Amino acid sequence: MSRLKFAIILSVLVSFALTLLFIGGEEKSFNFKYVKIFEQAYAYQTAPVKNGGTIEGLVLFKGSKKPKNKKMPIIKDQEVCGEGFKVDPVYIISKQGGVKNAVVYIENVKSGKPLPKKEVKLLQEKCEFKPRIIATGVGTTMAVVNNDNITHEANGVLNFILVFLFKQHKKGDTDKVTFKGTGIVEITCNIHSWMRAWVVVLDNPYFSVTDSNGRFKITDIPPGKYRIKMWHEGFGEMVKEVEVKPGKVTKLNFEIKG
Ligand SMILES: [Cu+2]
């Protein structure tokens with residue numbers, strides 16, 4: 001046998017063995033845990049805020065027809081996940097048009113009140129992620145908890161790059177990821193296709209997630225002119241210019257035309 005033939009046969013055998021290792025190992029004891037470290041964000045400085053201002057307002061849907069949420073069939077683990085369909089809750093809009101789960105944040109604030117340090121928690125419960133939207137500061141840790149007695153495989157993707165992958169087989173299983181850079185991380189489960197959540201990691205603490213009335217409030221902002229952004233998983237982004245005056249409340253609404 002020529003050397004070339006031998007090398008070809010050997011490489012085929014090796015890749016076959018590797019494939020078996022990955023596919024075959026998956027359902028046994030192999031629990032693949034992978035956490036990629038984010039790139040370092042620039043340093044935000046904590047500094048006392050004298051006579052800070054507030055921005056508050058609403059994210060409102062002003063279109064003529066409210067967008068509909070998709071129904072996703074439950075095709076696995078029905079005894080825990082339920083029968084029939086899960087509604088993918090992208091658009092939660094109140095009667096008055098208030099949009100829930102939009103993240104409103106100020107860009108490029110270099111210093112001010114401390115970044116939140118508290119660990120955030122993402123539950124997998126009845127085959128849904130709870131909460132749907134998390135906004136947090138760079139450097140915080142998120143605990144991903146399995147509250148179901150079935151296997152979930154939560155994975156987070158940022159700019160097409162896998163950030164973490166946690167395969168958890170039973171209730172109580174917990175894994176953690178620390179966000180060392182900024183970005184919007186989309187989280188899905190490899191086993192239950194309808195499961196989805198988002199984590200918005202920001203480099204300053206001036207952010208807010210809208211409640212069921214579409215309301216947001218950001219406090220203790222150093223006076224100045226800023227760009228303020230609204231991000232929503234379905235509607236996308238909107239940007240506004242705003243001036244924060246010492247000790248004053250600035251009212252600001254984001255209006256989404258349908
Ligand atoms: Cu799952």
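Which residue in β14 does M142 stand opposite? It's V177. Before I go further, keep in mind that this is a predicted model.

Okay, so let's look at the strands around that pair. Strand β11 covers residues 141–146, and β11 and β14 run antiparallel to each other, joined over five bridges. Those two belong to an open sheet of four strands, and if you walk across it you go β9, β8, β11, β14, with mixed pairing. At the edges you've got β9, which is 128–130, and β14, which is 174–178. Each of those has a single partner strand, so one side of each has no neighbour in the sheet. On average, neighbouring strands here are turned by 20° against each other, if you ignore direction.

As for what L123 touches, leaving out anything up to four places away in sequence, we get K130, V145 and N147. Take N147: along the chain, N147 and L123 are 24 residues apart, yet their C-alpha atoms are separated by 6.5 Å.

Let me zoom out to the whole protein chain. We're looking at two helices and 22 strands. There are 258 residues, and 30% of them are buried. And if you take the contacts with a separation of 6 or more, 70% of them are between residues 24 or more positions apart.

Conventions:
Residues numbered from 1 in each chain as written. Predicted model: local features only at pLDDT ≥ 70, side-chain atom pairs only at ≥ 80, totals over all residues. Contact = placed C-beta atoms within 7 Å. Pairing = 2+ DSSP bridges. Axes fitted to C-alpha atoms, helices over the stretch in contact; angles between N-to-C directions. Buried ≥ 20, exposed ≤ 12 C-beta atoms within 10 Å, placed from the backbone.
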